[in-house]
Amino acid sequence: MRRSIPALFASRLAALGLVSALALTACSAGSSNSSGGDAAAKDTLNVALTGEPVNLDFTTTAGAAIPQAMMSNVYEGLVQVDQEGKIQPLLATEWKVSEDRESYTFTLKEGVKFSNGADFTADDVKFSLDRVKSDAWKNGLKSKMDVVSSVKVDSPTQVTVTLSQPSQAWLYSMTTLVGAMFDESGVSDLANQPVGTGPYALGEWKRGEAITLKAREDYWGTKPGIPTVNLRYFADAVATTNALKSGDVDLVYNMQAPELLSGFEGDSKYQVLKGTSNGEIILSMNNKKAPFNDVRVRQAVMYAVDRQAVMDTAWAGLGTQVGGPVPTTDPYYEDLNSVYPHDVDKAKSLLKEAGAENLSITFSVPTRPYAQAVSEIVVSQLKEVGINAKIESAEFPAVWLDKVFTKHEYQMSVVLAVESRDVLTMFNNPDYYIGYDNSKIKADAAAADQADEAGYVQGMKKVVRQIVDDAAADTLFIFPNVVVGKAGLAGVPANSVTEALSLSGIAWK
């Protein structure tokens, strides 16, 4: 029998009770209690996050924590995405596209400097994009730049990027971390000393505690609303909310304990924002490892898992059901919830057909609040169809990234995939950790990318349907962006449209 939502929340809260008490005591000690009520407090913003980055170099290290802290704050690109998901100018004032849609000529802002004092010019654009295609970049997202054939400096303020073929996806990719601009003299120690054109520079990094960002006096654009921002990292979600209540932090971004929202809603001292994100909670099955190398077993899992119940139970019903690995904000989104309705009998039938009854599998669960919450209900649902999943905890990010993401030593896992428009990153590469055989979609994906806008949308819908038909992975739900902060803050972004947490627009009222 499935446990009720209140019952599961009660058990989770009881299990976290001791941790909560200890965290509250720890957070109260030395609290700054910065409420925006005095000049000193208004100069500082303390943001609570979970999941500290292992280093600060997203060019060599995967994971969401690095771009969350660095992109938009320390690093910028030629273009950016606004809260509605539209591409807007940033370091480029404008761009022109050739008739054959293979060349983009960017005009750059003048007077822009990197945080090390170097001028930003077209030479830096060429260096940055060429570097993505070099061996210096290790992050797998570099494949988004494969379509670039050349970068030509036309003048100090103009650069032309030529593609090997038309690409609907490329300009959007330029809004992500692969489009970040670097200074050639500032890349020797990116893991510890990031150098960018953004509104902040790295002030201090106390590993295991916090990253401090300091507003730049020589920033080319609008100065940040708050000069000093401390990104503080907590071990669990309850500790972040306790820190907010104690006054130790001012803002909990992407709150990881939705069952605790009731402690803030209706309280005039706080504001609660419930936005959306482009992050998908992916129940990944290693397509190259038994038993999930059999499509019938993967399809059985899709039928066995009641995605709505998972979202309701694990995340208080917050989030969006989509049925496929595409958030509603993407242009090729299509509601595919009906493809795999919850059907225990169908799941059992597929397992019997595959000769895979009474399965025992290992479920590698990263030590993240959403993953731990989701895993309990998924294990219960799988058991109903004869799949016994043993949870194996994997410390996140270090252990999970090494064992699951890099070495592919897992059978089943669950992770929040936050990269923008990442469906092809996940499924058009058989060497990606999911191991999906992309032979059925490779040609269609390429054709869609080269088509006009309408053809791109239709072509990508076809690609996504094939991925879902093959049960490559189960998208449990689109992760909500829940933000809780002090009432005195303005400009807090409600929607998480990219990996970045943009801080410069936040200010004390």
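Analyst: Over residues 86–415 the chain is 24% helix and 25% strand, with the end C-alpha atoms 26 Å apart. Keep in mind that this is a predicted model.

User: What makes residues 86–415 a stretch to look at?

Analyst: That range comes from UniProt, where an unreviewed entry places the feature "domain: Solute-binding protein family" there. Such annotations may be inferred rather than shown by experiment.

User: Why is helix H6 called largely enclosed?

Analyst: Buried means under 20% relative accessible area. Nine of the 10 residues of H6 (residues 237–246) are buried, so the rest of the structure largely encloses this helix. Among the buried ones are Val238, Thr241, Asn242 and Leu244.

User: How do you know that Asp236 caps H6?

Analyst: A polar contact needs a pair of N or O atoms within 3.5 Å. A side-chain oxygen of Asp236 lies 3.0 Å from the backbone nitrogen of Val238, at the N-terminal end of H6. That pair therefore falls within the 3.5 Å cut-off. Just after H6, Gly247 takes a positive phi of about 85°.

User: And what makes the largest nonpolar core a core?

Analyst: Its members are buried residues of kinds such as Ala, Leu and Phe, joined through side-chain atoms within 4.5 Å. The largest core has 93 residues, and Phe427 and Leu476 have the most contacts inside it. Helix H10 (residues 369–384) gives the most to this core, with eight residues. Another core lies apart from it, with 65 residues, including Val74, Tyr104, Leu177 and Val178.

User: Which residues does Phe427 touch?

Analyst: Leaving aside residues up to four places away in sequence, its partners include Pro325, Ile434, Tyr436, Ile467 and Ala472.

Notes
Residues are numbered from 1 along each chain as its sequence is written. This is a predicted model: local features need pLDDT of at least 70, side-chain atom pairs count only at pLDDT 80 or more; totals for chains, interfaces and linings use all residues. Side-chain values use heavy atoms; hydrogens and water are left out. Buried means under 20% relative accessible area, exposed over 50%, partly exposed in between (1.4 Å probe, protein chains only). Helices (H or I, at least four residues) and strands (E, at least two) are DSSP runs, numbered from the N terminus. A polar contact is a pair of N or O atoms within 3.5 Å; within protein, one must be able to donate a hydrogen and the other to accept it, and residues adjacent in sequence count only if both atoms are side-chain atoms. Contact means heavy atoms within 4.5 Å.
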